[in-house]
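Subject: Structure handover

Hello,

Here is the structure we talked about. Please load it first; my notes follow below.

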Amino acid sequence: MRSLTLSPVLASLANVFKIPVSQTILRPALPLLNQTTISKPLTPGRQETRATFSTSSPLLKQKGRTYVDKRITLIRYFLHHPLTPRPLRFSRGRYLRHWTIHRAWQLYQANRRRAKQLELQRQWQAMNAACEELRTGAGDGGKLFRKSMIKTRVFRDMFPIEYGRLQTEGPGEGWNHDWKRPQPKR
Amino acid sequence: MAASEPSRTLARSLPRVFAPSTRAQGFCCRRYASDQASTRSSSALGDLESDGSLKATAERQDAAKSFDPIARARSRRVQLPRSRYQFRSPKYDRGPLHPHRPPPPSDPSSRLFVPGPFSLPRVEQTYESTVASDILTLCYVHNPPGFKPPPKAPRLRSWDGDSPYHKNRALRGPRGGDVLRLLRKPITFNNIPKLERITIHSYVKQAATENSSWLHVAGIALQAISNVRVQTYKSRSSVAPWGIAPGRDTVAAKAELHGEDMEHFFGKLVDVVLPRLKDWPGVKGTSGDSSGNITFGLSQEQVALFPEIEVNYDMYPPKMIPGCHITIHTTAKTDKDARLLLSAMGIPFYGKIVD
């Protein structure tokens, strides 16, 4: 019996998606409830099942009955299903392997972070040196430097929207190279 | 003599085949600089001893004979756990004095262990490669060497002692309200603003007025777009026309995204959802809590544009797909820095910019 070796998680999933795996259903409660409540109303007066030739749900025709959408039932089922992954249990060798990889990854990340930080620091220091040179050595009494330090529009205009675009491998085929930014009306 | 002549020429010509020649072998017309090096090194390789690793066999065998794993294991002061030993982390951390404490979250046996990261999101790559250094450049303010900023007045003012009751009184708050705003330091290479976390919050009033299915659908929609388990919250305020009482009705679902989840969500938002919004001018320029967190809202139809909901649209009751508020928390201390960061990452702003 292959169906007996199916894990309960898989069995319940198969159950929900109506995949016939075996005759013995491991978690029959909810899907069977679905079938009975959605497609066939549980009416004590009418026990016999009649074939309905209407495409609308029979429950809609009855008054005073709450109709629960089947999608909501499914959403509730999956929202509350305890389908949490099992905790990882490693034996010694695997644990040591995990530990080694984890340490190596942390080391790599730290090196990367440090390299980035140093690069930013280098850029900042280069800007600092350039501005100092502009202030003292440009020969215009620092006028250019003072102009360059005006930042009134930085926080008002911010980045242009053409800049704000996540990096991709390259512009796709639909890229319009002749596009120019429309000039604002004066 | 005539018979020995071909053999002599053969003996002379045979080793020439194997001898390294300065010309390239074969019919290749192109010569590479590495060709000569390789032919030269092949002759140099002959000087190397080929049995280098086999020389020390005797010492190795001695080491192998003297190695006794059982004695070595017994001589350990603290025994290693058995291979099949399964450690169960305690549920609660009861403090440093408790003998049994949970392992660090990086340990796979920890209850907080999250495997990953499994990807390098595009948002992170863009930020690291361009956005960070561009913000650094835009916000650079030059101070000459030796410059010291003038000391500022203390943020909490002291009471002038004209009344005897001022003695030992707590300090006054700043002018214009009692809110002590965050201090903004000039942006240098070590405090460039970046994304910290994203909160998706959805207030579903029908969860109180009608039934719980609204909240369930909202929760699973948020889970679908955020890849994070949602939390539900009860109302803290009373809304009389909707019949909502504080502390009674569960009306909201919230998902908090960090790290990889956050970056993937932000990428989807910027690349897929926001460009498809009809007549969307952007985020309002007055949005923000003046400490670097920007909030904007998406309506029901806009939430339905997320690819996870769109591909599976039929599985959600269309009227129950929630709208939501998205708060982007950044490490910036003021809204203008946060807005600068978000505009560099692709979120437009409109209207009057208020800091």
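UniProt, in an unreviewed entry, places the feature "domain: Large ribosomal subunit protein uL5 C-terminal" at residues 251–349 of chain B. In this predicted model, the end C-alpha atoms of that span lie 30 Å apart.

Chain B as a whole

Chain B has eleven helices and seven strands. Of its 355 residues, 23% are buried. Take the contacts in chain B between residues at least 6 apart in sequence: 65% of them join residues at least 24 apart.

The sheet

Five strands of chain B form an open sheet with antiparallel pairing. Their order is S2-S3-S1-S6-S5. The edges are strand S2 (231–234) and strand S5 (293–298) of chain B, each of which pairs on one side only. On average, neighbouring strands are turned by 25 degrees against each other, direction ignored.

Some detail on the pairings. S2(B) and strand S3 (residues 250–258) of chain B run antiparallel and are joined by four bridges. Here B:Thr232 stands opposite B:Ala253. B:Lys234 stands opposite B:Thr250, also in S3(B). S3(B) pairs with S1(B) too, again in the antiparallel sense, over seven bridges. In S3(B), B:Leu257 is the residue opposite B:Ile198.

Which helices pack on the sheet? H7(B) does, touching strand S1 (195–203), S2, S3 and strand S6 (324–330) of chain B. The direction of H7(B) makes about 10 degrees with that of S3(B). H11(B) packs on the sheet as well, touching S5 and S6 of chain B. The direction of H11(B) makes about 55 degrees with that of S5(B).

The interface

Chain B puts 48 residues in contact with 37 residues of chain A. Four elements of chain B give two or more residues to this side: helix H5 (122–138), helix H7 (213–226), helix H8 (259–273) and helix H11 (335–345). Which one gives the largest share? It is H5(B), with eleven residues. By type, the side of chain B that touches chain A divides into 25 nonpolar, 17 polar and six charged residues.

Helix H5 of chain A covers residues 92–137, which is 46 residues. Does the end-to-end distance of H5(A) agree or disagree with its residue count? At 1.5 Å a residue, H5(A) should span 68 Å. The end C-alpha atoms of H5(A) are 66 Å apart, so the two values agree. H5(A) is hardly covered: the count of buried residues in it is zero. Just after H5(A), A:Gly139 takes a positive phi of about 85 degrees.

One residue to look at

B:Arg88 sits in the loop between helix H4 (69–74) and H5 of chain B. Is B:Arg88 buried or exposed? B:Arg88 has 10 other C-beta atoms within 10 Å. A residue counts as exposed at 12 or fewer, so B:Arg88 is exposed. B:Arg88 and B:Ala344 are 256 residues apart in sequence. In space they are 46 Å apart, C-alpha to C-alpha.

Best regards

Conventions
Residues are numbered from 1 along each chain as its sequence is written. Chains are lettered from A and ligands numbered from 1 in the order in which they are written. This is a predicted model: local features need pLDDT of at least 70, side-chain atom pairs count only at pLDDT 80 or more; totals for chains, interfaces and linings use all residues. Two residues are in contact if their C-beta atoms, placed from the backbone, lie within 7 Å. Ala, Val, Leu, Ile, Met, Phe, Trp, Tyr, Cys and Pro count as nonpolar, Asp, Glu, Lys and Arg as charged, and the others, Gly among them, as polar. Two strands pair if DSSP finds at least two bridges between them. Axes are lines fitted to C-alpha atoms, for helices over the stretch in contact, and angles run from 0 to 180 degrees between N-to-C directions. The expected span of a helix is 1.5 Å times one less than its number of residues. A residue is buried if 20 or more other C-beta atoms lie within 10 Å of its own, exposed if 12 or fewer, and partly exposed in between; C-beta atoms are placed from the backbone. UniProt positions are given in the numbering used here, feature names are shortened, and annotations may be inferred rather than shown by experiment.
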